[in-house]
Amino acid sequence: MKQFFGEFIDDDAPFGFDTLSTCLEHHTIQKQPLKKDQISMSMVVPVSGVPFIKQTRCNKNIFIRTRAEDKLVVEMESQTIDAPYSDCFLCKEAWIVVSDSASSCRCVLQKYIKIHFVKSTMFKSKIMARAEEGMRDAAVKWLQFAKDKGHLDKKPEAAPVEVMSPEVAAASPVVVDAKPRYFEPLEKAQKAQKEELKKLKLELVAVKEKVDSIAGTVVFRLLLIFFFFATLLIGGIGGAIYTGHLPLPGSEVTHLSLQVEALVAANQ
């Protein structure tokens, strides 16, 4: 955390806010020293897609809200003076930097942007879209410049080397640390994400088994209902035949044969 502050925020930072303004082709840059956790800057910035102007004056205030061994919070407010409706809004940005511990060589930076309106205007949606696009573009360029100039690969200060005897050195395991980099995801976050995915998969399997069980029960009940009504239907037909309401197969033919035979016998 100390290295990040010295690299990007401090008065003599190699890639401080004044250096970033130079890379973004700002000019007439003036920066006040860090005082009471605040830095004030003014510059002239180029603009595009804004009617009537190609550049505008800009005032920027940087506030150090939190500075701890494992956390750093920086807030920024910028106002373009010459742009149309510039008195209606402020461009706000926040940097939140966290690390595992004070001795860690890694940290994670999260950037947040917001267009804060102090007055109402009918062009709010257009102003917001254009301002957010410019702030995102500046954030991307900041990261690209920091990578290209090697500010994200800088190693921490070397610790004093303890001289060991050959016997102790031979018995000690050799540990090779990975190259420290800013903005690299932390192992704890990755592990927690994997555990969450594993838990979600188990829940999905349990839901599927429950659905299959319910479906099997429904099919079984439908079969029972089918067999019940089939039994009632077959029983009803059998009862009707037994009571004479329905003729047995061939009964009509047999009855007709008996009548014919009776008529023949009477004629004889």
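Trainee: What should I know about the model before I start?
Mentor: In this predicted model, local features need pLDDT of at least 70 and side-chain atom pairs count only at pLDDT 80 or more, while totals for chains, interfaces and linings use all residues. Residues are numbered from 1 along each chain as its sequence is written, and side-chain values use heavy atoms, leaving out hydrogens and water.

Trainee: OK, helix H3. How many residues does it have?
Mentor: H3 covers residues 124–148 and has 25 residues. Helices are DSSP runs of H or I with at least four residues, strands are E runs of at least two, and both are numbered from the N terminus. From first C-alpha to last, H3 reaches 36 Å, close to the 36 Å expected at 1.5 Å a residue (1.5 Å times one less than its number of residues).

Trainee: Which of its residues are buried?
Mentor: Ile127, Ala131, Met135, Trp142 and Ala146. Buried means under 20% relative accessible area, exposed over 50%, and partly exposed in between, with a 1.4 Å probe and protein chains only.

Trainee: And what covers them?
Mentor: The cover includes helices H1 (2–8) and H2 (17–23), plus strands E5 (89–98) and E6 (108–117).

Trainee: Switching topic: is histidine 26 buried or exposed?
Mentor: Histidine 26 counts as buried because its relative accessibility is 19%. Histidine 26 is in the loop between H2 and strand E1 (27–31).

Trainee: What does it touch?
Mentor: Leaving aside residues up to four places away in sequence, histidine 26 touches Ser21, Met43, Val44, Val45 and Pro46 (contact means heavy atoms within 4.5 Å).

Trainee: Last one, phenylalanine 229. Where is that?
Mentor: Phenylalanine 229 lies in helix H5, residues 187–242. Phenylalanine 229 counts as exposed because its relative accessibility is 53%.
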